[in-house]
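Here is a walk through one protein, meant for someone seeing it for the first time. Have a look at the sequence and the model, then read on.

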Amino acid sequence: METLEKNIQKQIGEYVAEDYRTAAVFSKYKIDFCCNGGRTIEEACQKKGINSNQLLDELNSVLNNKGDQAIDYKSWPLDLLIDYIEKKHHRYVEEKIPVLKQFLDKLCRVHGERHPELLKINELFTASAGELAAHMKKEELILFPFIKKMVQAQLKNSVIETPHFGTVDNPIAMMKHEHDNEGERFRQIAELTDNYNPPSDACNTYRVTFAMLDEFEKDLHLHIHLENNILFPKAIKLEQLFG
């Protein structure tokens, strides 16, 4: 286990090289991990007037966040699964979009002339960001509250009013269509980025951006899987109980 003293003397660039997810933490505190990556955590914190313990805590939180592939989501009650999707995946999307947009804009300014594919990648990601924001709001304000109502009605053995959208199949069909659209956008982004492999002349920001896009797509795949393959079919079956 690395000591606090050793971590505080570690260079910012080393953190990012070992795990690109730390780039988002440095970006949040406006610490340049690219051109000034040779500074230590201690130096950067002193210059910015940042509490180094707080920064290290956030970095450790990112580094200790393991994958969730082994979790048996199918056994979860639907209201718990909804809360998890909102707090884990919706929040992830909301947090990563502004960071990625900032990095992509910078790449287009600096490298766009030599790598024109960056402009198309930025255009696709910007479109995806806007669509995902609207998509998640529709889920949070319309579909998810109705599914939670059904869960409560089943527990209390009570009836539910027919929602304004008729049957739960209708918003689910729309959400699945929108999932397909985002999946297609990211297939195009993956192709344009050579499956997130930066070119040989790529700077640190370039590499981090591609790695973050790769992680964003992986998170989106799990997010869509939880809804399309677990939440939505179970919600349709639950509604049939009230027929």
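A residue is called buried when its relative accessible area is under 20%, exposed when it is over 50%, and partly exposed in between, using a 1.4 Å probe and protein chains only. Keep in mind that this is a predicted model, where local features need pLDDT of at least 70, side-chain atom pairs count only at pLDDT 80 or more, and totals for chains, interfaces and linings use all residues. Residues are numbered from 1 along each chain as its sequence is written, and side-chain values use heavy atoms, with hydrogens and water left out.

**The overall picture**

The protein has 9 helices and 0 strands, where helices (H or I, at least four residues) and strands (E, at least two) are DSSP runs numbered from the N terminus. Its C-alpha atoms fill a box of roughly 65 × 45 × 30 Å along the principal axes. Of the 243 residues, 46% are buried. Take contacts (heavy atoms within 4.5 Å) between residues at least 6 apart in sequence: 76% of them join residues at least 24 apart.

**Rings that pair up**

Rings of Phe, Tyr and Trp (its six-membered ring) pair if their centres lie within 6.5 Å; planes under 30 degrees apart are stacked, over 60 edge-to-face, and the rest tilted. That rule gives 10 aromatic pairs. One of them joins Tyr-15 and Phe-26, edge-to-face, at 6.1 Å centre to centre with 70 degrees between the planes. Tyr-15 sits in helix H2 (residues 12-18) and Phe-26 in helix H3 (residues 22-28), so this pair ties together parts that are 11 residues apart in sequence. Tyr-15 is buried at 3% relative accessible area, and Phe-26 is buried at 0%. Tyr-73 and Trp-76 make an edge-to-face pair too, at 5.2 Å centre to centre and 65 degrees between the planes. Tyr-73 counts as buried, with 4% relative accessibility. Elsewhere, Tyr-92, Phe-125, Phe-186 and Phe-216 form one aromatic cluster.

**Charged partners**

How many salt bridges does the count come to? With a salt bridge being a side-chain nitrogen of Lys or Arg within 4 Å of a carboxyl oxygen of Asp or Glu, the count is 9. Among them are these:

| Salt bridge | N to O distance |
|---|---|
| Arg-114 and Asp-201 | 2.9 Å |
| Glu-140 and Lys-137 | 3.2 Å |
| Asp-214 and Lys-218 | 2.7 Å |

Arg-114 lies in the loop between helix H6 (78-111) and helix H7 (117-156), and Asp-201 in the loop between helix H8 (169-192) and helix H9 (204-240), so the pair ties together parts that are 87 residues apart in sequence. Asp-201 is partly exposed at 35%.

Glu-140 and Lys-137 are both in helix H7, 3 residues apart, or about one turn; Lys-137 is partly exposed at 42%. Asp-214 and Lys-218 are 4 residues apart in helix H9, again about one helical turn. Asp-214 is partly exposed at 22%, whereas Lys-218 is exposed at 52%.

**Toward the end of the chain**

Phe-242 belongs to the segment after H9 and is partly exposed, at 27% relative accessibility. Which residues does Phe-242 touch, not counting residues up to four places away in sequence? They are Met-150, Ala-153, Gln-154, Ser-158 and Ile-160. The C-alpha atoms of Phe-242 and Ile-160 are separated by 7.7 Å, though the two residues are 82 apart along the chain.
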